[in-house]
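Please keep the model open while reading.

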Amino acid sequence: MNEAVFSQIAMLVFLTGLIGWMGFIVWDLAKKSQAGKFGTIALFTVLGAGVFGFIVKTVLVEVIQI
């Protein structure tokens, strides 16, 4: 295994962990602030939009090969 393969695998694993950790932080924030159902859905929608944008960008870069 060379450095490039290791970097790619590590990036995938740690990025997935970071996204999960951010989800936990948002859930904890919503729970502690007593945001209710609407507030919790709003918080996760905004976080989900950011994650979705990052995934779309990654896919587009791979497809276009920039």
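## Helix packing

The crossing of helix 1 and helix 2 is right-handed. A crossing is right-handed if the near helix is turned clockwise from the far one by less than a right angle, and left-handed if anticlockwise. Helices here are DSSP runs (H or I, at least four residues), numbered from the N terminus. The model is predicted: local features need pLDDT of at least 70, side-chain atom pairs count only at pLDDT 80 or more, and totals for chains, interfaces and linings use all residues. Residues are numbered from 1 along each chain as its sequence is written, and side-chain values use heavy atoms, with hydrogens and water left out.

Two packed helices are described by the angle between their axes and the distance between the axes. Helix 1 and helix 2 pack at about 165°, and their axes are 9 Å apart. Helix 1 is therefore roughly antiparallel to helix 2. That term covers angles over 145 degrees. The axes are lines fitted to C-alpha atoms over the stretch in contact, and angles run from 0 to 180 degrees between N-to-C directions.

Which residues make the contact? Helix 1 supplies Leu-15, Ile-19, Met-22, Gly-23, Val-26, Trp-27 and Ala-30. Helix 2 supplies Thr-40, Leu-43, Phe-44, Leu-47, Val-51 and Phe-54. Contact means heavy atoms within 4.5 Å. The contact residues divide into eleven nonpolar, two polar and no charged. Ala, Val, Leu, Ile, Met, Phe, Trp, Tyr, Cys and Pro count as nonpolar, Asp, Glu, Lys and Arg as charged, and the others, Gly among them, as polar.

## Across the pair

Trp-27 lies in helix 1. Trp-27 and Leu-43 are 16 residues apart in sequence, with their C-alpha atoms 8.4 Å apart. Thr-40 sits in helix 2. Thr-40 and Ala-30 are ten residues apart along the chain, and 5.6 Å separates their C-alpha atoms. Leaving aside residues up to four places away in sequence, Thr-40 touches Ala-30 and Ala-35.

## Salt bridge and loop

The count comes to one salt bridge (a side-chain nitrogen of Lys or Arg within 4 Å of a carboxyl oxygen of Asp or Glu). Asp-28 pairs with Lys-32, and the closest N and O atoms are 3.4 Å apart. Both residues lie in helix 1, four residues apart, about one turn of the helix.

Gln-34 is in the loop between helix 1 (3–32) and helix 2 (36–64). Its phi is near 55°, a positive value in a residue other than glycine. Most residues other than glycine have a negative phi.

## Accessibility

Buried means under 20% relative accessible area, exposed over 50%, and partly exposed in between (1.4 Å probe, protein chains only).

| Residue | Relative accessibility | Class |
|---|---|---|
| Trp-27 | 42% | partly exposed |
| Asp-28 | 22% | partly exposed |
| Lys-32 | 66% | exposed |
| Gln-34 | 72% | exposed |
| Thr-40 | 22% | partly exposed |

How values were computed
Helix = DSSP H or I, 4+ residues; strand = E, 2+ residues; numbered from the N terminus. Parallel < 35°, antiparallel > 145°, perpendicular 65-115°, else oblique.
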